[in-house]
Amino acid sequence: MTAEGPEPGASGAFASGAPARLPVDLPDGEWLRVHPASPFVRGWVALAAIAFFFGRDVFERALQGRPILGEELAGRAPWLLLGGGTVLLVSVLGFILTWYFTKYQVSGGYVRVNSGFLFRQQRQARLDRVQAIDIVQPLLARIFGLAELKFEVADAGESAVRLAYLKIDDARQLRATILARAAGVALDPSRPAGPAPEAPEYQVLSVPPSRLVGSLLLSEQSLFVVLGGVASVSLSAATGSAAFYLYLIPAAVGLAASYWGLFNKGYNFTAAISPDGIRLRYGLLDTQAQTLPPGRIQALKVTQPPLWRPLGWYRMQVNVAGYGLVENAGEGSARTTLLPVGRLGDVMAMLALVLPDPGTSEPAVVFGAGLTGLDSDGGFVASPRRVRWLAPLGWRRNGFTATDTALLLRSGRWWRQLVVVPHQRTQSMALHQGPVARRFRVADLVLHTTPGPVVPRLTQADVNAALALFDEQSARARLARKRQTTEQWLRQVVPETRIEASTQEGGQHG
């Protein structure tokens, strides 16, 4: 991570590969439909349930080795066939109508989706408000070469647009067009109506499967399960009852299911940089290609569990508008993970992508102190010595510092944590002080950002330092927002002249 600006992360990837220009204003686009197989890929479970319900007698007889058409079944067979055929026909007709009335359009700075047969629905989202965009391929969709396209919009509260399913090439093309327009890539007058080409990418890191497995075995849940197992065995030996062993069965099943989910989501994790943002790919059975514009990340957290410390491993998570509200726990956790497990070099590489300008001439010292430092290392302001009675282990770690571009919050002696919040992403702040904190003259400062796994909180700071930081951070946030003159993230990270020059070089190289 360097202090030179966008060279290592953002614009360094823009100078070669295919040209990444596209028109800013296109004429009204054509309304298009999703792939005809989409409703069947989405509704295969319903079709399987219909087949099982009306054919379960046949299945049972076949498994038992009895004649498929016995006397009882022969009398009911016509009605079963009639009922099953009717339900199947209605279901297929519903699938066809769903496909026919689902259309999408990209035009006039918006993406629009019309859907519904009886209850019509139209959703639209501004392209320059796109926060992130994903290409998701469940196993069945992968078999048919299809993909789901979904992207998040600021303040949407849920996925603004979800298109399932498109051909994989069409999904990639549409993603490239939307992201390029959201990024603010310059106009190419020679192709006024042409689609945006797929932006080139440069891989930054990948997580080996062996490291992923090791991180799961050394995770916090493994520690708790081991402690629970030891307690069960000890109680069984002390009481002479084997009933305590039964508690290990659901724990083992739950642990195996959790491990499988995390391994399936984190397998083959790769991170790359491209002109349209940070690209993350992961998944074993269900694959996902996620694109995060770095200028749209609201907050970032780097954590290190105690069992990972000897190996020098870290985890990185982010808050992105919309992500924290809509997904189930497993998928939401995967989408907000910037790095499931990595070494210090991987962490610094990802920090350089998220925060191209660290705002300090010594980023390695400052961010390194945030990860492993104590007391005043790296310019951090730590908790006063008097709070050692409240936090005997963590008071030397709890602290903060600010660069020209971000606020850094450090905490945790055993479970180390570093939170980074870009100044312009500070939405509001609050000072918290309970009766015990008043007695020790300390306070907590909470920064409010979009929902997600990152909760920026400075704990047990000297009350005068907390008040000063409150005023200073408010001023920094106002100044940073004034400097942010556009919603297009690429123009926030790289000056316009650099964008045009880099895309011209890309066209020449291409």
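Mentor: Contact means heavy atoms within 4.5 Å. Helices (H or I, at least four residues) and strands (E, at least two) are DSSP runs, numbered from the N terminus. This is a predicted model, in which local features need pLDDT of at least 70, side-chain atom pairs count only at pLDDT 80 or more, and totals for chains, interfaces and linings use all residues. Residues are numbered from 1 along each chain as its sequence is written, and side-chain values use heavy atoms, with hydrogens and water left out.

Trainee: Why is α12 described as largely enclosed?
Mentor: Helix α12 spans residues 363-372, and seven of its 10 residues are buried, so the rest of the structure largely encloses it. Buried means under 20% relative accessible area, exposed over 50%, and partly exposed in between (1.4 Å probe, protein chains only).

Trainee: Which residues of α12 are buried?
Mentor: They are Pro-363, Val-366, Phe-367, Gly-368, Ala-369, Gly-370 and Leu-371.

Trainee: And what covers them?
Mentor: The cover includes helix α11 (344-354), together with β12 (297-304), β13 (314-320), β16 (399-402), β17 (406-411) and β18 (416-422).

Trainee: A change of topic: where is Leu-307?
Mentor: Leu-307 lies in the loop between β12 and β13. Its relative accessible area is 37%, so Leu-307 counts as partly exposed.

Trainee: What does Leu-307 touch, leaving aside neighbours within four places in sequence?
Mentor: Leu-307 is in contact with Leu-218, Ser-219 and Leu-223. Its C-alpha atom is separated by 9.3 Å from that of Trp-415, 108 residues apart along the chain.

Trainee: Finally, where does Leu-285 sit?
Mentor: Leu-285 is in the loop between β10 (277-282) and β11 (287-292). Leu-285 is partly exposed because its relative accessibility is 36%.
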